[in-house]
Amino acid sequence: MDLKITTLDGTSINLSDYGASLVAFDEEPAEIDRTTQNFNGRNGSLDYGGRYTSKKITATILIEATSISDDLNKQQQINGLLSNIDGYYIQQLYSDNGLYDFLRPGQTSGEITFAGGDKTANKRYLVYRSDTNSPEFIGRVGAKLRSTWELEFTTKELPFGETIAQDISVSSGGSVDYGGTVANNQLESGWYVQITASEAKSAGFDLTIGSHQWECSQVIKSGDVIKLAGITNLLNGVNFNALTNAEYFVLSPGKNVVTSTLAGTIVLKSVKNLYL
């Protein structure tokens with residue numbers, strides 16, 4: 001297996017480029033923080049709901065080096081890559097073929113082999129490194145030095161795995177098939193709706209996605225471009241929040257029906273599937 005690292009500028013590198021193999025990739029359940037209140041003389045407590053706060057991922061790697069200098073150099077390269085304080089995406093690479101096709105040193109030869117990484121996991125995590133672990137030297141096998149290194153990562157923003165953002169076009173009466181396993185709130189993940197009007201409306205219009213209905217009383221002209229981002233609503237780049245209701249959109253797992261009383265094109269921009 002392998003681990004793909006993608007920096008925020010889009011540059012990607014695999015740990016195998018530094019002579020490392022991914023031995024294990026373990027995801028902990030997302031931590032939940034609940035808001036409760038207790039009262040004297042009352043059994044139990046009142047529960048006001050909860051939220052997901054963070055998620056930890058542990059990756060165990062094996063480093064193979066030809067000398068002490070090579071080993072130290074690879075440690076420095078991996079530390080430099082993974083200690084980036086700006087954060088980065090990690091994504092598991094694996095293979096369905098030969099899942100357990102590996103050899104321990106000395107089993108049949110002095111070499112060690114692992115299953116490859118020809119498949120990319122359907123999700124990635126935006127993380128920072130949260131451990132202070134050092135490599136553990138295993139020993140020398142043949143002409144090579146081998147060490148294991150347990151790396152811990154904590155999610156930086158959303159405590160979910162996510163896909164690469166994409167734009168989704170939909171017509172009124174159609175639906176958005178959201179493939180994530182947890183609801184995607186546009187206030188949290190930053191996606192927005194862009195509508196280009198193909199007709200004029202003198203009394204505004206409504207847009208409904210799932211169970212959330214957005215309304216406005218703004219006069220609309222054909223060709224107007226409306227951007228709905230939850231907090232901000234823009235008409236041709238100008239804020240018109242004063243003429244709208246306070247509403248935002250949430251994509252729930254499965255089908256989300258979209259209806260609009262304004263004719264035009266509807267595009268959901270920068271949507272990601274989110275996974276617990």
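Modeller: Here is that strand, then its loop.

This is a predicted model, in which local features need pLDDT of at least 70, side-chain atom pairs count only at pLDDT 80 or more, and totals for chains, interfaces and linings use all residues. Residues are numbered from 1 along each chain as its sequence is written, and side-chain values use heavy atoms, with hydrogens and water left out.

Start with strand β14, residues 175–178. Strands are DSSP runs of E, at least two residues, numbered from the N terminus. In a regular strand the side chains alternate between the two faces of the sheet.

β14 runs antiparallel to strand β23, residues 254–260, with 4 bridges between them. Pairing takes at least two DSSP bridges. Val176 stands opposite Asn256 of β23.

Now the loop. Thr181 lies between β14 and β15 (184–185). Thr181 counts as partly exposed because its relative accessibility is 47%, and that class runs between the buried limit of 20% and the exposed limit of 50%. Leaving aside residues up to four places away in sequence, Thr181 touches Pro253, Leu274, Tyr275 and Leu276; contact means heavy atoms within 4.5 Å. A polar atom of the Thr181 side chain also lies 3.0 Å from the backbone nitrogen of Leu276.

Note on methods
Buried < 20%, exposed > 50% of the residue type's maximum accessible area, 1.4 Å probe, protein only. Polar contact = N/O pair within 3.5 Å; in protein donor to acceptor, adjacent residues only side chain to side chain.
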